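The sequence and structure are shown first.

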Amino acid sequence: TDASGWTYNNQGTDGGYLSAEGNPAGSFWINHNGTNVGSHPDPMLSQAISTTVGSQYQLTFDYSGRVIVGGIGLGVDIDGSELATYSIVNSSWITEVLLFTATGTSTTIAFRSEINGTDYDARIDNVDVVLYDDNGGGQAPAPATLALLGLGLAGIGYQRRRR
């Protein structure tokens with residue numbers, strides 16, 4: 001709701017958390033006014049999360065343009081490697097879903113805007129990361145859920161055998 005826990009690098013005088021804008025209100029504007037601030041050319045919003053090596057995760061987020069639109073203006077990186085790029089077409093909100101496999105116990109997710117010196121800036125909202133179940137998608141069931149399911153199936157089997 002307020003972008004706490006996220007690190008904002010290479011920002012200029014504009015950009016940052018926007019409490020009145022979003023999908024619903026409360027989003028982050030990644031912008032540096034088209035000029036580089038520091039050694040990295042792209043303004044970036046990032047956060048490291050705890051992950052399990054070899055597990056697959058589903059990253060869901062909303063994005064839209066703000067002020068200047070018209071070209072590739074959003075990149076999504078996982079541990080410093082670009083996973084996807086998106087065009088900033090207008091200020092309408094778009095939901096995207098990406099999958100990634102964790103290679104360590106900590107994974108850094110980064111959203112970059114104004115890619116390679118362009119001035120197409122993006123807003124980010126509703127970022128969500130869940131463990132991915134590759135047998136049908138979505139969040140993997142918790143171990144307790146699986147145990148409860150097993151117990152229920154055993155009970156059904158017992159009832160049938162009893163009859």
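## Salt bridges and core

The side chains of Glu21 and Arg123 form a salt bridge, with N and O 2.9 Å apart. Glu21 belongs to strand β2 and Arg123 to strand β10, so this pair ties together parts that are 102 residues apart in sequence. The model is a predicted one. Glu21 is partly exposed, with a relative accessible area of 23%, whereas Arg123 is buried at 8%.

Glu21 also meets Arg66 in a salt bridge. Because Arg66 lies in the loop between β5 and β6 and Glu21 in strand β2, the pair joins parts 45 residues apart in sequence.

A search of the whole structure finds five salt bridges. Three of them are listed here, including both pairs of Glu21.

| Salt bridge | N to O distance |
|---|---|
| Glu21–Arg66 | 2.7 Å |
| Glu21–Arg123 | 2.9 Å |
| Asp77–Arg112 | 2.7 Å |

The pair Asp77 and Arg112 links strand β6 to strand β9, across 35 residues. Asp77 is buried, with a relative accessible area of 7%, and Arg112 is buried at 6%. Both belong to a network of salt bridges that also includes Asp42 and Glu82.

The largest nonpolar core has 22 residues, and Leu59, Phe61, Leu74, Tyr86 and Phe111 are those with the most contacts inside it. Strand β5 (56-65) is among the strands that each supply at least two core residues; its share, four residues, is the largest. Leu74 touches, among others, Phe61, Tyr86, Phe111 and Arg112.

Terms used:
Residues are numbered from 1 along each chain as its sequence is written. This is a predicted model: local features need pLDDT of at least 70, side-chain atom pairs count only at pLDDT 80 or more; totals for chains, interfaces and linings use all residues. Side-chain values use heavy atoms; hydrogens and water are left out. A nonpolar core is a set of buried Ala, Val, Leu, Ile, Met, Phe, Trp, Tyr and Cys residues joined through side-chain atoms within 4.5 Å. Buried means under 20% relative accessible area, exposed over 50%, partly exposed in between (1.4 Å probe, protein chains only). Contact means heavy atoms within 4.5 Å. A salt bridge is a side-chain nitrogen of Lys or Arg within 4 Å of a carboxyl oxygen of Asp or Glu. Lists of a residue's contacts leave out its neighbours within four places in sequence.
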